[in-house]
Amino acid sequence: MDSDTTPRFFTPAISRPALLAAAGRILAPALWLGLLIGISFIETPLKFLAPGMTLALGLGIGQLVFAAMNIVEVVFFIVLAASCIKRGLDRAFLWVVASTGLVLLAKVALIRPFLAKRTEAVLAGVEAGGSSWHYFYIAADGLLTVLLVTLLVMGVRRWVLPGR
């Protein structure tokens, strides 16, 4: 088929950089949301139900998993923020991106260090465990979940289903 007979939906309507940016604004939140749900809401609670799982073993695994997860979350946020370096984005979308970054910053720089100290104290036998910091971490993950779903809905409406 020559270009005159090629159906319109096969013709790129936007430039490659704009397409990559739009993909980043959808894929980064989607993958991040999957990571968050898989680790925070499925793996972590179920880990402690496994036969033979001790508190010390669960906390040790949790330290490794959440350290790695937080690094990946920061990478996802960098990709998301980099994909927003374009004029013409909705202010609402940018506000949700900024809010997502602030919650991530609070989670990684404020809440997680306190949890790490508590985990070390429990592993050393100094404290029995349990802390309100866990609830703050869960709340941060819950808020991130809402923000990421919001970003996905906004992104799909704008860049996948425009005009609908």
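**How are α1 and α2 oriented to each other, roughly parallel or roughly antiparallel?** I looked this pair up to start my notebook. Their axes come within 9 Å and cross at roughly 170°, so α1 and α2 are roughly antiparallel to each other. I noted the cut-offs: under 35 degrees counts as roughly parallel, over 145 as roughly antiparallel, 65 to 115 as roughly perpendicular, and the rest as oblique. Axes are lines fitted to C-alpha atoms, for helices over the stretch in contact, and angles run from 0 to 180 degrees between N-to-C directions.

**Ground rules.** I am reading a predicted model, where local features need pLDDT of at least 70, side-chain atom pairs count only at pLDDT 80 or more, and totals for chains, interfaces and linings use all residues. Residues are numbered from 1 along each chain as its sequence is written, and side-chain values use heavy atoms, with hydrogens and water left out.

**The whole chain.** I found four helices and zero strands in the protein chain, in the order α-α-α-α along the sequence. Helices (H or I, at least four residues) and strands (E, at least two) are DSSP runs, numbered from the N terminus. Of the 164 residues, 30% count as buried; buried means under 20% relative accessible area, exposed over 50%, and partly exposed in between (1.4 Å probe, protein chains only). I also looked at contacts (heavy atoms within 4.5 Å). Among those with a separation of 6 or more, 79% join residues 24 or more positions apart.

**Back to α1 and α2.** I sorted the residues of the contact of α1 (residues 16-47) with α2 into 16 nonpolar, five polar and four charged. Here Ala, Val, Leu, Ile, Met, Phe, Trp, Tyr, Cys and Pro count as nonpolar, Asp, Glu, Lys and Arg as charged, and the others, Gly among them, as polar.

**Next pair: α2 and α3.** The axes of α2 (residues 55-82) and α3 (residues 91-123) come within 11 Å and cross at roughly 160°, so these two are roughly antiparallel as well. The residues making the contact include L59, F66 and V74 of α2, and V97, L104 and V108 of α3. By class, I get 15 nonpolar, five polar and four charged residues in this contact.

**What does UniProt say?** An unreviewed UniProt entry places the feature "transmembrane region" at residues 18-42, 54-80, 92-115 and 135-156. UniProt positions are in the numbering used here, feature names are shortened, and annotations may be inferred rather than shown by experiment. I checked two of these spans in the model. Residues 18-42 are 100% helix and 0% strand, with the end C-alpha atoms 35 Å apart. Residues 135-156 are also 100% helix and 0% strand, and their end C-alpha atoms are 31 Å apart.

I began with D141, which lies in helix α4 (residues 132-160). D141 counts as buried because its relative accessibility is 2%. Leaving aside its neighbours within four places in sequence, D141 is in contact with L36, S40, F41, M69 and K107.

L104 sits in helix α3 and is buried, with a relative accessible area of 5%. L104 and V74 are 30 residues apart in sequence, and their C-alpha atoms are 7.7 Å apart in space.

L143, in helix α4, is partly exposed at 42% relative accessible area. From L143 to L104 I count 39 residues in sequence and 9.7 Å in space, C-alpha to C-alpha.
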